[in-house]
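Hello,

Here is the structure I promised to pass on. Please open it first, then read my notes below.

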Amino acid sequence: MTAVSPLAAEKDTLRKQALARRKAMSVTDRIEKSLDLVAHCDDLPLAAGAVVAGFWPIRDEIDARPLLDRIRQKGHRLCLPVMVGPNLIFRQLERGTELVPAAFGTLEPGPEAEELRPDVLLMPLAGFDAQGNRIGYGKAFYDNAIATLEKTGALLKIGLAFALQEVDRVPVEAHDKPLNGILTERGYRAFG
């Protein structure tokens, strides 16, 4: 059995606390605050024509779908993550794209959808801090995707979360990449 580092253990505790706060939200609050993201769409630093990767919400995550529709209306191509073994690839999401059931109860574009290289990652997360550090779900899918994508060009990393998922300080491990910004129902904040 591999020993868990003190930083990983601290991160796991913060993850559980932030996810418990998120889970305790009422369904109505979750819906209303997810819709509030759309009001801040113009604050996102999206380059003209950028390919934007969103995500299909699972469990009690913030619902990015209304925001993604607004981003699409502004002329951006959209894609969603698709799990291929331990890695994520990104396939185009258009109106009418057939979505298929995937791991963790999410949906993803099927194999007929074009694979795209996103310029912007809109990412779900468990927690974040005021310095732009994020706590994922502990499976490293996005950490690995970020590392792969950054080898082929610039990548804008924006977390999407409810404001109550903010923590005082995220312990940072060597593989962690900070966010460029966070979008909550309260608005967009840039980091760095």
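**Pockets, cores and cysteines**

By class, the residues lining the largest pocket split into 21 nonpolar, 4 polar and 11 charged. Keep in mind that this is a predicted model. The lining has 36 residues in total. Tyr137, Gly138, Lys139, Phe141 and Tyr142 lie nearest the pocket's centre. Several elements give two or more residues to this lining: α1 (6-23), β2 (77-84), β5 (107-109), β8 (134-135) and α4 (141-150). Helix α1 has the largest share, with 5 residues. The space in this pocket comes to about 720 Å³.

Now the second largest pocket. Its volume is about 180 Å³. Its lining is made of Trp56, Arg65, Leu68, Asp69, Arg72, Leu78, Leu93, Glu94 and Arg95. Which helix gives the most to this lining? It is α3 (residues 65-73), with 4 residues. By class, the lining holds 4 nonpolar, no polar and 5 charged residues.

Next, the inside of the protein. In soluble globular proteins, nonpolar side chains tend to be buried together. The largest nonpolar core here has 44 residues. Within this core, Leu67, Ile71, Leu121, Leu122 and Leu160 touch the most other members. At least two core residues come from each of β1 (51-53), α3, β2, β3 (87-93), β6 (120-123), α4, β9 (156-160) and β10 (181-184). Helix α4 gives the most, with 5 residues. There is also a second, separate core of 5 residues. Among its members are Leu14, Ala126, Val167 and Val170.

Look at α4 again. Its buried residues include Phe141, Tyr142, Asp143, Ala145, Ile146 and Leu149. What do the buried residues of α4 pack against? They pack against the strands β2, β3, β6, β8 and β9. Remember that Phe141 and Tyr142 are also among the residues nearest the centre of the largest pocket.

Start with leucine 160. Leaving aside neighbours within four places in sequence, Leu160 is in contact with Phe55, Ile62, Ala64, Leu67, Leu122, Met123, Pro124, Leu125, Ile182 and Leu183. Two of these partners, Leu67 and Leu122, are listed with Leu160 as residues that touch the most other core members.

Then go to leucine 68, which lies in helix α3. Is Leu68 buried or exposed? It counts as buried, because its relative accessibility is 4%, and the cut-off for buried is under 20%. Again setting aside neighbours within four places in sequence, Leu68 is in contact with Gly54, Phe55, Leu78, Leu80 and Leu122. For a sense of distance, pick alanine 8. It is 60 residues from leucine 68 along the chain, and the two C-alpha atoms are separated by 32 Å.

Last, the cysteines. How many disulfides does the structure hold? The count is 0. Cysteine 41 is in no disulfide, and the nearest cysteine sulfur, that of cysteine 79, is 15 Å away. Cysteine 79 is in no disulfide either, with the sulfur of cysteine 41 as its nearest, 15 Å away. Cysteine 41 is buried, with a relative accessible area of 2%. Cysteine 79 counts as buried too, at 1% relative accessibility.

Best wishes

Conventions. Residues numbered from 1 in each chain as written. Predicted model: local features only at pLDDT ≥ 70, side-chain atom pairs only at ≥ 80, totals over all residues. Heavy atoms only, no water. 1 Å grid on protein atoms, 1.4 Å probe; cavity = no way out; pocket = protein on both sides within 12 Å on 5 of 7 lines; lining within 4 Å. Points joined across faces, edges and corners; volume = space filled by probe spheres on them. Nonpolar A, V, L, I, M, F, W, Y, C, P; charged D, E, K, R; others polar. Buried < 20%, exposed > 50% of the residue type's maximum accessible area, 1.4 Å probe, protein only. Contact = heavy atoms within 4.5 Å. Core = buried A, V, L, I, M, F, W, Y, C linked by side-chain atoms within 4.5 Å. Disulfide = S-S within 2.5 Å.
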